[in-house]
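Reader: Please take me closely through one part of this protein and how that part sits within the rest.

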Amino acid sequence: MEYLLDSDCSSDEEEELRNVIIAVVKRRRLMCAAALAICLEEEENHSRESSPRTIPTRKNWLEHVAQVGRRVFKKMYRLDLENFNRLLGYIRDEITTENVEMARRSSGSEVCAEVRLAMTLRYLAGGSMWDIRLIFDVSHDEFYRSVWRVVDAINNYEGFKVVFPIDDVEKLSEIESVFRSKSSHEMITGCVGAIDGCLLWQKNPGIAVHNPNRYYCARKEKHALLLMAIVDADRRIIFYDISCTPSTHDSLAWDSTPLAQRFAAGDLCERFFIFGDSAFVCTRSMITPGNDTNFNYFLSELRVNSECAFGEMIRRWGILWRPLEMEFSRRADVIACCIRLHNFCVDRRLSIEAELMADEDEIEIQPGRRVRAPRVNRDGQIVENVQTNCTCITCIGSGRDRAVPDKSRRKELEAVVRNSGYCRPLPRR
């Protein structure tokens, strides 16, 4: 550059010439960089044309069923093949791929309805997303899209609606007759449900809620969701509520539900009632244990169905064995889906696999992956999730109006037991 500059040039002319030379050099460098980029792009395009795009191959559903066998199929998906297909028939239209051509262009083939349902059932049974998506060769996003489509389809299916039939006296009479048949000597008449609360563990909801500490259960030292439910004598859940925080006392959680308010208003037929434990307030429509041990035996004989229903549901759907980790807004949907699938299994008389009910500290839910199983007693009651009477200030010091106690019906039932002459069996030795 110095060679190009004339010594006779003034300082201003030298500066101007220097700037021109620098601009020319920069322009030539940019031209070289652009030419290099074009060459690299042409080379990459040529490489793509010479090696065709790899199209993922979906697992053939019929081959998968034949490979795992019927026995393993039921363990994996908690349903036998016949009832899997029955469930699929209810929701197939809601989970079938709508634009098949676009799916085939983007990923080689569509995800069939059978695979969507299988992935969801395996996920609810406790399977890991990473393992399931490898089995069926789907992407991370497609896996969760499929799961939530199936969960929503099950929750929205009219035949799976969970409603307490408070206005249907005929249906209530059917429920009452089954309870009566399961009561020793058909001692108890009028019972149409057993109510209890159950804590379902979850990860700290964090910023998803205004105050995550409201979901922290101090006596269990875990974050949880409180499930209040009424079950019938077949352990079918006929009412549930997940709107209260886990620190809420059972009776307050029940009193805050619209169904409890209808009970208090006298909308339940006078001859019917439900059974609860000592955490609830005894009224004409809610009978709780009293001081008569013989009556308490016949009461607990029917009330135990609520705890057994929780035990069966949690044992069957392994996603409830560990804290729920999905986004907070979806956790209630998962619980509601497990409830409906539990009812479906009850309706179809599907028993829980012996391995799931075995008294083991850990159960293998995936090859080489074991988790601690929830504990149940010999009657099938789960013993660590069931909500118990709490006397902390948070639970009792609530501004909600509690039900007014009325023990008149309980006294009538105690008199029936007393006059029958039947006593509770002697304790086992």
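Author: A contact here means heavy atoms within 4.5 Å, and in that sense I319, leaving aside residues up to four places away in sequence, touches Y123, L124, A125, G126, L324, M326, V334 and C338. The model is a predicted one, in which local features need pLDDT of at least 70 and side-chain atom pairs count only at pLDDT 80 or more, while totals for chains, interfaces and linings use all residues. Residues are numbered from 1 along each chain as its sequence is written, and side-chain values use heavy atoms, with hydrogens and water left out.

I319 belongs to the largest nonpolar core, a set of 65 residues in which L117, L121, F136 and I319 touch the most other members; such a core consists of buried Ala, Val, Leu, Ile, Met, Phe, Trp, Tyr and Cys residues joined through side-chain atoms within 4.5 Å, where buried means under 20% relative accessible area with a 1.4 Å probe, protein chains only. Apart from it lies another core of 40 residues, including M187, M228, L268 and L302.

In the protein, 47% of the 429 residues count as buried.

Technical notes. Buried means under 20% relative accessible area, exposed over 50%, partly exposed in between (1.4 Å probe, protein chains only).
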